[in-house]
Amino acid sequence: MPSATAITIKPARRISGRLGVPGDKSIAHRYALLAALVDGPSRLANFAPGADCHSTLGCLASLGVQIREDPASRSVTVMGRGFKQWRSPSGPLDAGNSGTTMRMMAGLLAAQPFSVTMIGDESLSRRPMRRVIEPLARMGARIEATDGHAPLMIHGHPLHGIDFAPDVPSAQVKSAVLLAGLHAEGSTSVREPAQTRDHTERALTTFGYQLDVAGLTTTVRGGQTGQPRDVSIPGDFSSAAFWLVAASALPGSHVEITDVGLNPTRTGLLDILRRFGARVTVVETATEAGEPRGTIHVEADRHGTVEVHPSEVPGLIDELPAIAALAAHSGQVVVRGARELRVKESNRITTLVTGFRALGIDADEYPDGFIIRGNGAPAGGVAQAQGDHRMAMAFAVAALAGHGASRVDGSDAVVISYPEFWETLERLVA
Ligand code: S3P
């Protein structure tokens, strides 16, 4: 949807500072859902403040799950009463812009004894849902969609376990099937074509479920009951990524990000920054609920050429827009094997290349990626975020390297994952 909000970005010679980032969005979705399946209250500290995780909380509330939010301490308490106590909602469940909400929730609703409609915004209604509909239908659910897109009419049914090998690596699909598997007869296995983020597996263990992980195959047994937990969510590595990239790209910069998630299925970006030529130091300080966290320090040094290989893509899929900004000023970034970017919150290959060109940066599309060639400070210009939070933030970081001022149109998209992004940017360039 076109948005009236816009932010002007002044060129910045460098960024510097020490900061924390908001709670991890992926982990927060999972904790909220698992807490709603078990019987008893779970307190989720440092809950992700963005609109996406609020979509998950809103859907749970419509299903009769009581939720208490304490914005001052950024904690959320989910008063779970067990999966069987979920109630048929009075209207459609709205997942907003959140693919994670729609796909993971579909896995849970597939086993409920009622029918529910799930809707989403314009962007979510364009995203592919067959990838969850098909395995859930194989398990026994009936899901109606329009040409594989939302709205989804989910007619829950007693499920049976399946052995599922998805074509595309997707943590959301893996999670939907495993969550359905908790309420299916027998065992459910997902054999991934490549390792994707494993927060669901770690969260299941935390909430007391047993699962078996052997290489890329994860198996859950149906009929298990979990327990409520009080857990704290680490900072979101994908939000930290924008500052890590800015600090690598702008000479003389350095940032330190504290208490940020370091799950190795998420941190592929760190290797890219090192290959580009930045100095990167990581200190792991703790592991809570199976999720490692710590401090990352990044300092700009050289500006090299970096190629992201297809095998690296699942470990940094959400960081690719930020990675493009590495070469906004100098150096080069080439990404291949990332066709999935075309079915994210926007077509991220086209949105990115169009926006970078508008900022005066040399950028080209491949069917499955892009190339960015830094060529000195770009002139600056006006980039359109196309309603995509990560695009708005990537354009802002790229625009810092500009020769003149730039504008990001649709700047309010950051509310999806990082509501305080613009204030933080102002602080880091000061
Ligand atoms: C996510 C998985 C990824 C990622 C998305 C969040 C998750 O999507 O791009 O932002 O929380 O499981 P896919 O599973 O579609 O790759």
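**Exercise 1.** In this predicted model, how much space lies in the second largest cavity, and which residues line the second largest cavity?

*Solution.* Start with the volume. The second largest cavity holds about 40 Å³ of space. Next, list the lining. Gly64, Val65, Met79, Gly80, Arg81, Gly82, Gln85 and Trp86 form it. Then sort by class. The lining has three nonpolar, four polar and one charged residues.

**Exercise 2.** Find the volume and the lining classes of the largest cavity.

*Solution.* First, the search. Over the whole structure, two cavities of 30 Å³ or more turn up. The volume of the largest cavity is about 50 Å³. By class, five lining residues are nonpolar, three are polar and three are charged.

**Exercise 3.** Which strands are joined to β7, and in what direction do they run?

*Solution.* Take β6 (residues 93–94). Two bridges join β6 to β7, and the two strands run parallel. Asp94 has Ile119 as its bridge partner in β7. Between these strands, the chain passes through helix α3 (residues 99–109), and this β-α-β crossover is right-handed. Now take β9 (residues 149–155). Four bridges join β9 to β7, and this pair runs antiparallel. Val116 has Ile154 as its bridge partner in β9.

Methods
Residues are numbered from 1 along each chain as its sequence is written. This is a predicted model: local features need pLDDT of at least 70, side-chain atom pairs count only at pLDDT 80 or more; totals for chains, interfaces and linings use all residues. Side-chain values use heavy atoms; hydrogens and water are left out. On a 1 Å grid over the protein atoms alone, a cavity is a set of points where a 1.4 Å probe fits but cannot get out, and a pocket is an open set with protein on both sides within 12 Å along at least five of seven lines; lining residues have an atom within 4 Å of a point. Grid points are joined across faces, edges and corners, and a volume is the space filled by probe spheres set on the points. Ala, Val, Leu, Ile, Met, Phe, Trp, Tyr, Cys and Pro count as nonpolar, Asp, Glu, Lys and Arg as charged, and the others, Gly among them, as polar. Two strands pair if DSSP finds at least two bridges between them. A crossover is right-handed if, with the strands pointing away from the viewer, the path from the first strand over the helix to the second runs clockwise.
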